[in-house]
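Please examine the sequence and the structure before working through the solutions.

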Amino acid sequence: DTQENMWNVIKLKNLRNQICSHTWKLAVIGNYKSGKSTFINALLGCEILPAYAIPTTAVTSIVRYGESPKAVIHFLQPLPKKIYQQCMIPDRALKHMWNYQMRDIPPLTVSLQELEKYLVIPMGMEHEEASCQCPYQKIEIFSPLQILKDGIEIIDCTGLYEIPPRQQTNVEFLKKADAVVLFFNALARGFTGEISFIKNTLQENRIAGNNLFCVVNRFDQLDWEWERQQIRDSFNCLLAPYTSHMIYCLSALQGLQAKKFSNN
């Protein structure tokens, strides 16, 4: 089959590129408030990404190795027709943008201490509004952590359903990932959005099966064992057609707290 052969050639090229780059890419995606950033912080063993109870991630971020901690802000080309109000853009970034007349803006390097100003959805904005008006395309975060030095690269994607430019950015990262972690919220009722995302985005781009791992977060907040067992059974049945791996029911927050305790 010609199409199948074409996909095999693409897979081989991607595998060759991954081997040559010496990095293993893990992409994490899910609905807002599902705990993705907390989960990534737990993997890293420190709180690099801002993580709150309110919706947080305004732009896709890539955490990779670097000898000096820093963040590199990449701007959309072109900028959205309507962008954040000036008071919502850090002064340094606003000056940088005006230096280039708001066109073809090169990346801006900032410290990790400044990261929250760029990565977090501005107070008072809904995430849909923030997605439309955010001037940043992606943020590269560099850290000297050993797990990153060993060749791991972690991608914190924005929500499942974004405006087309940001959705396309997510898809491009997902297609290049060696593994995709899809987050669910144990406290939510109904997962039609996540299942539709698997069918309409992941499977259409051949991201499923061996590459897809499903995580049910906030499992510790379920009060009764019968309820926890019901959630396990439901997810195992629901997700069996889409992933060949077990379903992981966990608490990202407890994992982060345990990792921080073990590091002290």
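**Exercise 1.** Is T38 buried or exposed?

*Solution.* The model is a predicted one, in which local features need pLDDT of at least 70 and side-chain atom pairs count only at pLDDT 80 or more, while totals for chains, interfaces and linings use all residues. Residues are numbered from 1 along each chain as its sequence is written, and side-chain values use heavy atoms, with hydrogens and water left out.

Step 1. T38 is found in helix α2; helices (H or I, at least four residues) and strands (E, at least two) are DSSP runs, numbered from the N terminus.

Step 2. The relative accessibility of T38 is 16%, so T38 counts as buried (under 20% relative accessible area; exposed is over 50% and partly exposed lies in between, with a 1.4 Å probe and protein chains only).

Step 3. Beyond its neighbours within four places in sequence, T38 is in contact with A51, A252, L253 and L256 (contact means heavy atoms within 4.5 Å).

**Exercise 2.** Describe how helix α2 packs against helix α10.

*Solution.* Step 1. Helix α2 spans residues 36-44 and helix α10 residues 252-263; their axes come within 8 Å and cross at roughly 25°. Axes are lines fitted to C-alpha atoms, for helices over the stretch in contact, and angles run from 0 to 180 degrees between N-to-C directions.

Step 1. The angle therefore makes α2 roughly parallel to α10 (under 35 degrees; over 145 is roughly antiparallel, 65 to 115 roughly perpendicular and the rest oblique).

Step 2. On the α2 side, T38, F39, N41, A42 and L43 make the contact, and on the α10 side A252, L253, G255, L256 and K259 do.

**Exercise 3.** Which residues of helix α3 are buried, and what do they pack against?

*Solution.* Step 1. In α3 (residues 91-99), A93, L94, H96 and M97 are buried.

Step 1. Viewed down the axis of α3, these buried residues fall within an arc of 160°, so they line one face of the helix; the arc is that of the directions from the helix axis to the C-beta atoms.

Step 2. The face turned away from the buried side of α3 carries the exposed residues D91 and K95.

Step 3. The buried residues of α3 pack against β3 (70-75), β4 (108-110), α4 (115-119) and β5 (136-143).

Step 4. Just after α3, Q101 takes a positive phi of about 50°.
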